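Please look over the sequence and the structure before reading on.

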Amino acid sequence: MKYKIMMIAMSGHPISVMYQRSVLPSWEKFNHKVEIFEAVTPKDLVYKNKLEFGRLRKREFTSTEKAVWYSHFELWCVCLRKKTPVVIIEHDSKLVKPLPDMSNEGYKFLSFIDRDFGPKQGKHIAPGSGYYITPTVAERLISNAVCKPITVNSDGHIGVTLNFSKQNKMNDFYYIEQINFDGLNTIDHRNQNRKFIGLDYENFDLPSIHGQA
């Protein structure tokens with residue numbers, strides 16, 4: 001099956017480019033064409049006003065958490081506007097086996113993370129790293145996002161709308177692996193197990209990153 005596959009990525013961020021270079025060959029291996037969707041960044045937020053953010057548990061959303069929210073939101077809008085089902089992935093989404101036939105599905109989680117930190121180690125659904133939606137479901141994601149202030153991250157919103165519990169029980173999401181190199185991350189989730197690298201590439205040595213420079 002051929003699908004419209006859109007990858008949220010940043011062309012001007014070396015960490016994002018590193019991940020893209022690492023995972024895109026896996027999609028080519030299975031003869032999939034991936035369209036790059038330029039991610040919303042904190043510098044773009046001044047132009048964005050569709051979403052209202054409340055508090056994420058006991059803290060404010062970081063600017064990068066808001067930006068990734070907008071990146072997914074805008075792809076849901078693309079899906080609805082073009083009336084075309086889409087597989088949405090991120091720059092660290094590596095295809096590890098052929099995608100399933102989803103012609104009779106309204107939505108499906110496709111991605112997992114093999115977590116190596118925290119109390120819940122092992123393989124778990126990674127909602128935003130890879131999922132399939134139809135325009136009808138895209139409309140539901142949009143409606144649920146704009147109807148009230150946002151109090152969960154984008155993964156949480158996708159998980160609730162796409163029935164995380166049911167899909168977890170189905171245990172059929174091991175198609176795309178969300179990879180990680182050396183803990184490097186472009187989203188500031190205030191996670192002590194990840195090393196956030198911002199738009200100014202602060203706090204890291206570019207020539208040394210995982211042999212990718």
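In which order do the five strands of the open sheet stand? The order is β2-β1-β5-β10-β7, and the pairing is mixed.

## Basis of the description

This is a predicted model, in which local features need pLDDT of at least 70, side-chain atom pairs count only at pLDDT 80 or more, and totals for chains, interfaces and linings use all residues. Residues are numbered from 1 along each chain as its sequence is written, and side-chain values use heavy atoms, with hydrogens and water left out.

Helices (H or I, at least four residues) and strands (E, at least two) are DSSP runs numbered from the N terminus. Two strands count as paired if DSSP finds at least two bridges between them. Axes are lines fitted to C-alpha atoms, for helices over the stretch in contact, and angles run from 0 to 180 degrees between N-to-C directions. Contact means heavy atoms within 4.5 Å.

## The five-stranded sheet

The open sheet of five strands has the order β2-β1-β5-β10-β7. Because β2 (34-38) and β7 (107-109) stand at its edges with a single partner strand each, one side of each is left without a neighbour in the sheet. From one strand to the next, the twist averages 25 degrees.

Y107 has I133 of β10 opposite it. Helix α1 (residues 14-29) packs on this sheet and touches β1 (5-9), β2 and β5 (86-90). The direction of α1 makes about 160 degrees with that of β1.

## The four-stranded sheet

Another open sheet has four strands in the order β6-β11-β8-β9, again with mixed pairing. Here β6 (93-95) and β9 are at the edges, each with a single partner strand, so one side of each lacks a neighbour in the sheet. Direction ignored, neighbouring strands of this sheet are turned by 35 degrees against each other on average. Helix α1 packs on this sheet as well, touching β6 and β11, and its direction makes about 30 degrees with that of β6.

Which way do β6 and β11 pair, parallel or antiparallel? They pair in the antiparallel sense, over three bridges, and the bridge partner of L95 in β11 is I176. Strand β8 (residues 111-115) runs parallel to β11 (residues 176-178), with two bridges between them; F112 stands opposite E177 there. On β9 (residues 122-125), β8 has an antiparallel partner joined by four bridges, and R115 is bridged to G122.

## Helix α2 and its partners

Helix α2 (residues 63-82) has 20 residues. At 1.5 Å a residue (times one less than the number of residues) it should span 28 Å, and its end C-alpha atoms are 29 Å apart, which agrees. K83 follows α2 and has a positive phi, near 55 degrees.

Two packed helices are described by the angle between their axes and the distance between the axes. For α2 and α3 (residues 135-146), the axes come within 8 Å and cross at roughly 140 degrees. The two are therefore oblique to each other (angles under 35 degrees count as roughly parallel, over 145 as roughly antiparallel, 65 to 115 as roughly perpendicular and the rest as oblique). Contact residues of α2 include W69, F73 and W76, and those of α3 include P135, L141 and V146. The residues of this contact divide into 12 nonpolar, no polar and one charged (Ala, Val, Leu, Ile, Met, Phe, Trp, Tyr, Cys and Pro count as nonpolar, Asp, Glu, Lys and Arg as charged, and the others, Gly among them, as polar).

## Helix α4

The axis of α4 (residues 154-161) comes within 9 Å of that of α2, and the two cross at roughly 40 degrees; α2 and α4 are therefore oblique. V68, W69, H72 and W76 of α2 meet S154, H157 and I158 of α4. That contact has four nonpolar residues, three polar and no charged.

With α3, the axis of α4 comes within 10 Å, at a crossing of roughly 125 degrees, so α3 and α4 are oblique too. R140, L141, N144 and A145 of α3 meet H157, I158 and T161 of α4. The residues there divide into three nonpolar, three polar and one charged.
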